[in-house]
Amino acid sequence: MKFKSIAAATLAVATLIGMAGCGNSNSANDDKTITFWHNASAGEGKQYWVDLAAAFEKKNPGVKVEIQAIQNEDYAGKLQTAMQDPASGPDVYMSLGGAKTKEMIDAGQTMDLTDKISSTVKSDMKTTLSAATFDSKVYGVPVSVEPGGIWYSKDLFERAGITETPTTFDQLKEDAQKLKDAGIAPIALGGKDAWPAAHWYYWLALRECSPSVYSKGTEKQDFSDKCWTRAGNDLKELADMDVFNEGYMTTTAQQGANSSAGLLANHKAAMELMGAWEPGVLKELTPDKKPMADLGFFAFPSVDGGKGEEGALMGGVTYFQVNPEAPDIAVDFVNFMAEKDNQEKYATAFSTIPASTAARGVVTDESLKAVLEYLNKSDSMQLWMDTTLGTNIGTALNSGVVNMLSGKGGAQDIVKAMQDAAAKG
Amino acid sequence: MTSISTSVRHRNKRVTDGKVRRNIEIFVLSAPAIILFCAFVILPIILGAYYGFYKWKGFGTPSKNGTFVGLQNYVTALSDPNFQAAILHTFEIVIGSLVIQAPLAILFALLLNQKFKGRALIRTLIFVPYVVSEVIVGTGWSLLLQKTGAINQILGRFGIDGPDWLADPKIAIWTLLLLISWKYIGFAVILMLAGMQSIPEELYEAARVDGAGFWQMQKSITLPLLAPTLRIWVFLSMIGSLQLFDLVYIIWGQYVSTTAGVSTMATYMVREGRGAGNYGYGSAVALIIFIISLIVALTYQRFVLSRDLDGALTEQKQAKKRAQKRAKEAQRLAAAAQ
């Protein structure tokens, strides 16, 4: 009897201790170990980080980098939970970007790197550093820049008798019609994920609205100008021409041969509007897992009567932030990422454009070179509209676009959805 | 005299000792369960309610990095047409799955309760969809049912132009109900079969002697005696439908589910809370869902399940009262018979 009670009491105490143990931090407390989170959970990208960490450990004897590769869709939620208590969060982590980074700054969850970044970062990444700069303080080190635009299959364009890529929205519509007449699905669209559909709206808004009106919208959420509805109507016109792949509302963006990227990779559709990660994604989806041979790129066409800046670019910048409680060696690690060598390897592994201008010579892919040309021509790049607006209004915007495409509401409802979202967050 | 009183006192002490020890034992033995329950059920509900009063992005703490808005989140949620639609869809699913699955499950169970060759195989097969993970089922069906998917291609062979099973708002909810029925009917059938097998064979024998036919036996013996099982299944099915998330999320995704008219309360919560990064608002929605589910569950328990759960979940006092009532009734009948 007595023995049993003692045993039970021991068990209860053991349970309590066990539960307390769960709260232990996952970041080691010594100054020689850094935990590092990124979202490249497969393929060459994952290997790149393993190699980079090994090189860093070799250069700094005694230092250990613990890597966690987290599936992209889980990444934001996991990071947010882990950073509730910075002491238990990762020391170096891939940024969520835009308004989310701003929230993290306000919550004291990210380190001010203004005086800590190396001179290499300051000089080589001058053009992309603005994406990680808030109130003229630098909070991250960029690794890649991904401007968007239209990716197309040169073979399919040729088959439809299109000799030159479109430069205006009307030409784009004509070409789409030509493709359709030739029996080719003109545009692949991953409507199920919403953001690929919304990207059409972002670009049309960037072309329709004057730079000042556009920044008033993204920064102060003032969408009163008519250009915001005009952008929606432009998209509606395009959708009404029936130029997107059949069943695009239930098509995903990147998963498998049935996704919109898969359709382009397998010549089942002629073009797709996407960021500069596209060649890397297509590579995994072609039948022989090799880069798509006839892939081409052209910038988003201008809109007749649009007030947007000529050739303005929009895209994403991937950068890495540092935990405010991380050891100094973590800062060295992000600076290490920015070195020319590592940036070159990064660009190759991810088939993308490196943030470092010094490393851009390594880009050999024809379509990416075309992107670079546009990038060199324009002096600034807007961030994706949903990133700038933050997830709350961004989500409302994306669902507004999906609603319009499925016939539930019109262009003015997109604007209204963004205004309503302000009530929720 | 003194010796007696000491012995009484002594005994009393021993009795209280036993009681104290018993209480300690109860406390110690149930502590792990109670602690776990509080930490992972009660505390999250309280925290959720607390977050629900704030506009909060999930970074830092609500009091520091959020703004207190009182009941505003609840007002916004309840007046959002998208949430109202999600509640409506959820209840369509609750009722739809009951209406479709109950008769089918009973029929299947009746069939599988007969002796025939290959019965074990069919019993297993009908249970297979229930065992397969929702993610696999969802991914598989979403590929099959796409506008250009396998099902429409097969239909095309027969010259039928298949509809858009998933994106068409007129069809999507029926597609979903069909998938839910296909997936969960195995569970209902197994429950019904178990219920049928607990019905004593003697009753059927007696009925047969009295000249009852097959359908009459099912109607007068099987169905009434299956009622307790049926009531429990209805309860489980309702709770499952109220929480439906994974199938919809995987097949339709968080955006298209709204336009296709299959969004549920849970998918709305995930989109507006986690997806949009509005953790305060999302928590408020979660609490509303919790309250709706609680009301449905408690109402059903109080009015329908109470007779099955006598003494188990309902208060023992009530059960005692009912037993007394029954005893009195018996007495009255006995007296009348005399």
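Which strands of chain A does helix α15 (residues 366-377) lie across? Helix α15 of chain A lies across β7 and β10 of chain A, and runs at about 10° to β10(A); axes are lines fitted to C-alpha atoms, for helices over the stretch in contact, and angles run from 0 to 180 degrees between N-to-C directions. Helices (H or I, at least four residues) and strands (E, at least two) are DSSP runs, numbered from the N terminus.

This is a predicted model, in which local features need pLDDT of at least 70 and side-chain atom pairs count only at pLDDT 80 or more, while totals for chains, interfaces and linings use all residues. Residues are numbered from 1 along each chain as its sequence is written, and chains are lettered from A and ligands numbered from 1 in the order in which they are written.

Select next the sheet under discussion in chain A, an open sheet of four strands in the order β8-β9-β7-β10 with mixed pairing, where two strands pair if DSSP finds at least two bridges between them. The edges are held by β8 (185-187) and β10 (295-298), each of which has a single partner strand, so one side of each is left without a neighbour in the sheet. On average, neighbouring strands of this sheet are turned by 20° against each other, direction ignored.

Now follow β7 (residues 149-153) of chain A, which runs antiparallel to β9 (residues 269-274) of chain A and is joined to that strand by four bridges; A:Gly149 has A:Met274 as its bridge partner in β9(A). β7(A) also pairs with β10(A) in the antiparallel sense over four bridges, and there A:Ser153 has A:Leu295 as its bridge partner.

Move on to the interface, where 34 residues of chain A are in contact with 33 residues of chain B, contact being C-beta atoms, placed from the backbone, within 7 Å. On the side of chain A that touches chain B, α17(A) gives the most, with seven residues.

Finally, select B:Gln84, which is found in helix α4 (residues 81-112) of chain B. B:Gln84 is partly exposed, with 13 other C-beta atoms within 10 Å, and the C-alpha atoms of B:Gln84 and B:Arg22, 62 residues apart along the chain, are separated by 51 Å.

Technical notes:
A residue is buried if 20 or more other C-beta atoms lie within 10 Å of its own, exposed if 12 or fewer, and partly exposed in between; C-beta atoms are placed from the backbone. Two residues are in contact if their C-beta atoms, placed from the backbone, lie within 7 Å.
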